[in-house]
Amino acid sequence: MKQPWNRHTYVQLFKNLSNDQLAEPMKAYMKHHFPFLGIKSPARTEALRNYFSTHDIPEKPELLEEVWNIYQLPEREYQYVAIALLSKKLKTLFVDDLGFIEKLITEKSWWDSVDSIAPTIVGDIVKRDRKSGEKIMLQWSDSDNMWLNRAAILHQLKYKKDTDEKVLIEIIIKHKNSNEFFIQKAIGWVLREYAKTNPVFVQQFVASHELKPLSKREALKHLK
């Protein structure tokens with residue numbers, strides 16, 4: 001029988017795994033935006049797997065409240081925990097929950113959290129309700145928040161043959177002249193990934209649109 005979910009037990013679990021020597025280079029790698037406990041990804045993944053297997057995961061709305069509370073903890077590893085917890089209940093998330101997910105994207109924003117949320121959590125929600133979800137993605141692409149723009153660009157990253165090329169083009173064209181590194185990189189990344197499914201489309205799109213050099217280089221990286 002599983003134990004009740006208890007935030008204090010896994011917070012203590014992670015504190016017990018902390019390593020100050022590892023925390024400093026991890027913090028430096030993230031440009032000193034966040035403090036770290038110093039737990040490497042394999043150890044964190046194993047600890048979470050064990051905890052999830054022995055504890056009941058809360059249901060909505062308690063789930064969202066718990067995710068938000070975890071996300072507010074200062075050390076970066078806890079944002080990863082919150083995203084992992086939300087991912088465990090992916091099928092219970094719907095378009096109406098994108099407002100909550102927007103809060104996660106715009107809070108403690110950096111590429112690592114956004115890239116963990118956009119292609120998987122956001123992408124799954126939108127794929128299950130394309131009409132309503134894509135409307136919100138277009139709103140995110142119009143936002144003044146660069147991280148919401150990146151999330152909108154990347155939400156179809158794993159769609160393969162289910163990619164809506166019209167939406168992909170519309171969002172990319174809005175941002176193709178951006179000077180933001182993370183936007184240029186996202187455009188190149190999503191095109192490079194879609195090139196595995198439809199290389200002709202990507203080649204033709206790149207040839208007919210003037211992309212930033214970084215975006216173009218990334219998009220064509222594995223194409224002859």
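A salt bridge is taken here as a side-chain nitrogen of Lys or Arg within 4 Å of a carboxyl oxygen of Asp or Glu, and a search of the whole structure finds 16 of them. The structure is a predicted model, in which local features need pLDDT of at least 70 and side-chain atom pairs count only at pLDDT 80 or more, while totals for chains, interfaces and linings use all residues. Residues are numbered from 1 along each chain as its sequence is written, and side-chain values use heavy atoms, with hydrogens and water left out. Helices (H or I, at least four residues) are DSSP runs numbered from the N terminus. Buried means under 20% relative accessible area, exposed over 50%, and partly exposed in between, with a 1.4 Å probe and protein chains only.

**Helix α1**

- In helix α1, which spans residues 7-17, the buried residues include Tyr10, Val11 and Phe14; these cover an arc of only 105° around the axis, which puts them on the same side of α1, the arc being that of the directions from the helix axis to the C-beta atoms.
- His8 and Asn16 are exposed on the other side of α1, whereas the buried residues of this helix pack against α3 (41-54), α4 (62-71) and α5 (76-88).
- The N-terminal end of α1 is capped by Asn6, a side-chain oxygen of which lies 2.9 Å from the backbone nitrogen of His8.

**Aromatic pairs and charges over rings**

- Rings of Phe, Tyr and Trp (its six-membered ring) pair if their centres lie within 6.5 Å, with planes under 30 degrees apart counted as stacked, over 60 as edge-to-face and the rest as tilted; the whole structure holds 13 such aromatic pairs.
- The rings of Tyr10 and Tyr51 have their centres 5.5 Å apart and their planes at 80°, so this pair is edge-to-face; it links distant parts of the chain, with Tyr10 in helix α1 and Tyr51 in helix α3, 41 residues apart.
- Tyr10 and Tyr51 are both buried, and together with Trp5 and Phe52 they form one aromatic cluster.
- The charged end of Arg76 sits over the ring of Phe34, 3.7 Å from its centre, and that of Lys103 sits over the ring of Trp68, 4.1 Å from its centre; the criterion is NZ of Lys or CZ of Arg within 6 Å of the ring centre and within 35 degrees of the ring normal.

**Ser113 in helix α7**

- Ser113 belongs to helix α7, residues 111-128, and is buried, with a relative accessible area of 1%.
- The side chains of Ser113 and Arg76 are joined by a polar contact of 3.0 Å, a term for a pair of N or O atoms within 3.5 Å in which, within protein, one must be able to donate a hydrogen and the other to accept it, and residues adjacent in sequence count only if both atoms are side-chain atoms.
- Leaving aside neighbours within four places in sequence, Ser113 is in contact with Tyr71, Arg76, Ile83 and Lys108, contact meaning heavy atoms within 4.5 Å.

**Salt bridges**

- Glu24 and Lys27 form a salt bridge through their side chains (3.3 Å, N to O); being three residues apart in helix α2 (residues 20-29), they are separated by about one helical turn.
- A salt bridge also joins the side chains of Arg150 and Asp115 (2.7 Å, N to O), linking distant parts of the chain, with Arg150 in helix α9 (residues 146-154) and Asp115 in helix α7, 35 residues apart; both residues are buried.

Technical notes:
Helix = DSSP H or I, 4+ residues; strand = E, 2+ residues; numbered from the N terminus.
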